[in-house]
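Me: Please take a close look at a single part of this protein and tell me how that part sits in the rest of the chain. Keep the account plain.

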Amino acid sequence: MIEREQVSQERAVTPETTSQDQVQFENTLRPKTLEEYIGQAEIKQNLHITMQAAQKREEPLEHVLLHGPPGLGKTTLAHIIGRGMGAQVKVTSGPAIEKQGDLASILTNLKDGDLLFIDEIHRLRPVIEEVLYSAMEDFVIDIMLGKGPSARSVRLNLPRFTLIGATTKMSMLSSPLRDRFGNVYKFQFYEVSDIREIIVRSAQILECEIQEDAALLLAQCSRQTPRIANRLLKRARDFAEVHDHKAISLQLAQKSLDSLGVDALGLDSTDRDILKTMIEKFNGGPVGLNTISSALSEEQATIEDIYEPYLIQLGFIDRTPRGRIATDRAFQHLGFSIPSKPQHKLL
Ligand code: ADE
């Protein structure tokens, strides 16, 4: 039940932020339709069917949950869904919704068919999550009017909206919330060939020439992540412009990567520091995330959410119940000799 006083004047979703977001979105390298979107074939296929079916039935799309590591295109896809459904997208995030009233205000300002995109939905407070349950399931919320003995509850009907939740941490979502999403899509790291295609497409939009081998090199160093691919492309373009090169050549791409400290697998100095700390200070582990975090003076959440997923994907870190372990591959990549394994006694 929401107390009326909690409905704050400052909304977590303001028309300004939404329109600014939309302008920014339109002006970036992000694809605007499913056809333009490269990679994540399975998600695209399923989404295409669900969207078509909803449109045929003239119903709003069932709620959508997008999960996976950062930079893989969750926000982009939310905007593509909005465009495809001819719907307005209101954007907010878990941490921006502080009070139940903030959410009530967002929900009551939606229109039929609108999409509400909540980024980092795992960071919603439990009391706020509870308001979402009835909103998602029955399109109603309960508001408390007044206080004390004269308080009474009023049920408000909401427009039939679609919630799109995005999270990098599926495990932090409560099961009642998870269960209320009809469409759940898991993002995978991209194939290098898809990343290469994204780089070529982005280079065209940026009107910068890039040679084929250079596009492949940047793709191989992009951590299988479009956001990083576009970042590396922009830095290589800077290099080309400053050195008066007409096109990004392989040599120029390599120089730009070297200056950024990005190695052949796309690891940067922080990735290498994480692995080196595990190897040099803790003999490769097992070591707790909090210990790694204090040894590096790097926030635990940054290591866990930004760096670790790709190191796990590469098979450089294993998560075990006793802590993180640097694998033989990590030792090899950093030029350490692989430690001999403890010999098990024969019975
Ligand atoms: N730019 C960023 N992500 C992209 C994707 N998945 N497809 C095409 N262009 C992109």
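Reply:

Leu 218 touches Ile 199, Ile 210, Leu 232, Leu 233, Ala 236, Ala 253 and Leu 257, leaving out residues up to four places away in sequence. The model is a predicted one, and what follows should be read with that in mind.

Leu 218 belongs to the largest nonpolar core, which has 71 residues. Leu 77, Ile 81, Ile 199, Ile 210, Leu 218, Leu 233 and Ile 248 are the members that touch the most other members of this core. Helix 9 gives the most to the core, with 6 residues. In soluble globular proteins, nonpolar side chains tend to be buried together.

Next comes the packing of helix 9. Two packed helices are described by the angle between their axes and the distance between the axes. For helix 9, residues 226-242, and helix 10, residues 250-260, the angle is about 110° and the axes are 9 Å apart. Angles of 65 to 115 degrees count as roughly perpendicular, and helix 9 and helix 10 are therefore roughly perpendicular to each other. Their crossing is right-handed.

From helix 9, the residues in this contact are Leu 232, Arg 235, Ala 236, Phe 239 and Ala 240. From helix 10, they are Leu 252, Lys 255, Ser 256, Leu 257, Ser 259 and Leu 260. Sorted by class, the contact has 7 nonpolar, 2 polar and 2 charged residues. Leu 232 and Ala 236 of helix 9 and Leu 257 of helix 10 meet across this contact, and these residues are also among those touched by Leu 218.

The loops on either side of helix 9 can be taken in turn. Gln 224 is found in the loop between helix 8, residues 212-220, and helix 9. Its relative accessible area is 16%, so Gln 224 is buried, the cut-off being under 20%. Apart from neighbours within four places in sequence, Gln 224 is in contact with Leu 72, Phe 189, Tyr 190, Ile 195, Tyr 310 and Gln 313.

The loop between helix 9 and strand 10, residues 247-248, holds His 245. Asp 244 lies in that loop too, between helix 9 and strand 10. With a relative accessible area of 71%, Asp 244 is exposed, whereas His 245, at 40% relative accessibility, counts as partly exposed. Leaving aside neighbours within four places in sequence, His 245 is in contact with Ala 240 and Leu 252. Both Ala 240, in helix 9, and Leu 252, in helix 10, take part in the contact between those helices. His 245 and Glu 209 are 36 residues apart along the chain, and their C-alpha atoms are separated by 9.6 Å.

The backbone at Asp 244 also deserves a note. Most residues other than glycine have a negative phi, and most peptide bonds are trans. Asp 244 has a positive phi of about 55° although it is not a glycine. Elsewhere, Glu 58 also has a positive phi, near 55°. Glu 58 is placed in the loop between helix 2, residues 41-57, and strand 2, residues 64-67, and is exposed, with a relative accessible area of 73%. The peptide bond from Gly 285 to Pro 286 is cis, with omega near 5°. Pro 286 is in the loop between helix 11, residues 269-282, and helix 12.

The axes of helix 12, residues 289-296, and helix 13, residues 300-313, come within 9 Å and cross at roughly 100°. That makes helix 12 roughly perpendicular to helix 13. Helix 12 brings Leu 289, Asn 290, Ile 292, Ser 293 and Leu 296 to the contact, and helix 13 brings Gln 300, Ile 303, Glu 304 and Glu 308. By class, this contact has 4 nonpolar, 3 polar and 2 charged residues.

As for the whole protein, there are 14 helices and 12 strands. Of its 347 residues, 47% are buried. Among contacts between residues at least 6 apart in sequence, 71% join residues at least 24 apart. The C-alpha atoms fill a box of roughly 75 × 60 × 40 Å, taken along the principal axes.

Technical notes:
Residues are numbered from 1 along each chain as its sequence is written. This is a predicted model: local features need pLDDT of at least 70, side-chain atom pairs count only at pLDDT 80 or more; totals for chains, interfaces and linings use all residues. Side-chain values use heavy atoms; hydrogens and water are left out. Axes are lines fitted to C-alpha atoms, for helices over the stretch in contact, and angles run from 0 to 180 degrees between N-to-C directions. Helices (H or I, at least four residues) and strands (E, at least two) are DSSP runs, numbered from the N terminus. Angles under 35 degrees count as roughly parallel, over 145 as roughly antiparallel, 65 to 115 as roughly perpendicular and the rest as oblique. A crossing is left-handed if the near helix is turned anticlockwise from the far one by less than a right angle, and right-handed if clockwise. Contact means heavy atoms within 4.5 Å. Ala, Val, Leu, Ile, Met, Phe, Trp, Tyr, Cys and Pro count as nonpolar, Asp, Glu, Lys and Arg as charged, and the others, Gly among them, as polar. Buried means under 20% relative accessible area, exposed over 50%, partly exposed in between (1.4 Å probe, protein chains only). A nonpolar core is a set of buried Ala, Val, Leu, Ile, Met, Phe, Trp, Tyr and Cys residues joined through side-chain atoms within 4.5 Å.
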